[in-house]
Each structure stands twice: as structure tokens, then as C-alpha cells.
Amino acid sequence: MEAGEAKSKKAGGSRLCCICNQRRPVLKRPKTLQQICRECFYEVFEEEIHQVIVGNRLFKSGERVAIGASGGKDSTVLAYVLSELNRRHNYGLDLFLLSIDEGITGYRDDSLETVKRNEVQYGLPLQIVSYKDLYGWTMDEIVKMIGLKNNCTFCGVFRRQALDRGAALLKVDKLVTGHNADDIAETVLLNILRGDIARLSRCTSITTGEDGPIPRCKPFKYTYEKEIVMYAYFKKLDYFSTECIYSPNAYRGFAREFIKDLERLRPRAILDIIKSGEDFRIATTTKMPEQGTCERCGYISSQKWCKACVLLEGLNRGLPKMGIGRPRGSGNDQKDTKARSTAKSIESKQCGSLEF
């Protein structure tokens, strides 16, 4: 009888949370494969992020910090968790939401409504900066001109600069983004495939741009995307889940699929790739781009003019392929030659309406 009871307890114990050993588990952590209950998941998820923040000294008391908010799961969870940790551990931060309106009908207009609700839910001031105001173009207009092939190049370049300009408007000390472990692992692979040594050397840094106007931090550097999704689901957070309508064929998507396949075979593959990126050492003889400023708009650039200025000039002159790769084929040789020669006159026009 006693042996039967012990066997029954053992069987029951195997179905309890491996941390508290009191409640039934509701999920298996992708990172550790631990079966844990909802309450313990909240605790370890938040504590891991807190340790990343403290261990890397991401913030100082009294700093103004902008959270890059798109309305998606990553930025929504980041805003919620950072607000909670700021109160719980007395970081002493002034937090703001910063959103970029790329001008994508049926996507960004809907996600911005989510961000506006988050503004009320979390009590954080919201600043919205639009491509139209900054550059005179929306992504809908850009795609109409250039098509779907290279539109992500425009959006990525413009968005990065728009975030910095928005942060400058808010007069913040730091900008935090919701880039998670999956994102960083994908970036490591992409930079290897592209042979981009300069970006590979800094893409795993938890803080970048320290020599620029506004440093950027990634508190989710070691946080798996799956756990962010589960946290948002269990907490019933209000977020927008639709993918961008212009990005189904983006090059990053191939790296993402490869990462997911690796994760299925080895859950720690994501962290292993990040660690590999951290361990890369560039030979001292390698010539790296020198950091400077764009002669037109004053933004950080290793060239005479920043990428945003080159792309914008192409759009304004009806030469949208200016600054995108190398020309191929003979059908558009004359137009491509004109685009290259036109780049020399870029300094004659201002880029955007906001100054640093």
C-alpha cells in the first residue's frame, strides 16, 4: 500500500512545475526545455530580462528612454515588461513610446491604433514620426514607383534614421528596441552571407551607437521569440500580429526559416549562433569604414552622403534604383549611368524636414 502511494506521488510529481513543484506546468520553455507553470514563467522571464539590464548596465537612473513601438508582439511586451521592471526595481527611468508611420495602408495604420491603446494602457507618452513628414514619401508611394523587389531596402534605411530623428525630438538619452534572440541570430547569418565584416563586428552588441547621437539597447538580446509570444498570450497583452504586406519575399525570411529548422533540431542553436557572433575577431589589418557624418543631413555615415540621402535623391529624380546594388543588363544602361552620375549632385538638396 505504501509502495503504491509512493508510486502515485512520483507519477503526480512528474506533472508538476519543475521550479515550484506545486502547480501544473502549462508550457515547456524552448530555451531550457523546462516544464513550468504560468506564474513561474512570468517570474523567470522577467527576471532574466532584469539580469540582462543590470548585468550590462543598460540604463542610469534619471535617463529618458524611448521604446521603439510598432504595435507588434516584441515592442508591446518590451513596453509592458520595461514599465513593470522600472517600477519594481526603481530604475528611475522616464519612459516614452516612439512609433514610425511608414505609410503602409492596411498595415501600419492598423498597428498604430494598437500603439495608441498601449499609450493609455501603460501610461506612457507617445510620439509618432512619419516617412511623409520626414522624406515626403510614404512606403505605398515608394512601392508604387519601385515595385516589391527592393522596397525593404528603402524601408530599413529610412526607418533607422526616422527612429533616431524621433528620439531626438523626444530628447531621450537611450532608444530601446524589441530585437530578440532570433532576430540577432538571423542578422549574424545574414552578415556572414553578405560578407559584411563591419556589421558583423557590431551586430551582436547589446548596445550600439554609443559614439553617435543616441545609443540603442536590446534588452531582449537573449530572449527567444517563442517565449515573447507565450508571455504576450498568457498576459493577454494587446498587440498587432499581422506581417507587413510588402515583406513576404524579404531576404531575411530565408535566414529566419533556416534558424527555425535549426531550433527544432537543437533548441540552443539560437544562443549558439549569437555566441559565435560575439566571438568573431576581425584581423587588425582589415580596413574598416571610417565613421563620419552625411554632408547633406548630418546623419551618421561612412560615406560622403548617407544611404537615406542617396535613396531619397533617386526617388525625387525618378531614378529609384540609385544606390541599390550594381546595374545589370543593357536595357536600362543609359538610365543607370544617369543615376550614378546624378549621385554626385546629391549634396544640393536637403534630406527630410527635421534636423538633429
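Arg64 stands opposite Asp94 in E4. That pairing belongs to strand E3 (residues 64-68) and E4, which run parallel and are joined by 5 bridges; strands count as paired if DSSP finds at least two bridges between them. Helices (H or I, at least four residues) and strands (E, at least two) are DSSP runs, numbered from the N terminus.

This is a predicted model: local features need pLDDT of at least 70, side-chain atom pairs count only at pLDDT 80 or more, and totals for chains, interfaces and linings use all residues. Residues are numbered from 1 along each chain as its sequence is written, and side-chain values use heavy atoms, with hydrogens and water left out.

**Around E4**
- On to strand E5 (residues 126-130): E4 pairs with it in the parallel sense over 5 bridges, and Ser99 has Ile128 in E5 as its bridge partner.

**Helix H3**
- H3 is mostly covered, with 13 of its 16 residues buried.
- After H3 comes Asn90, with a positive phi near 55°.

**Ser301**
- Ser301 sits in strand E10 (residues 300-301) and counts as buried because its relative accessibility is 7%.
- Beyond neighbours within four places in sequence, Ser301 has contacts (heavy atoms within 4.5 Å) including Glu290, Thr293 and Cys306.

Key: Buried < 20%, exposed > 50% of the residue type's maximum accessible area, 1.4 Å probe, protein only.
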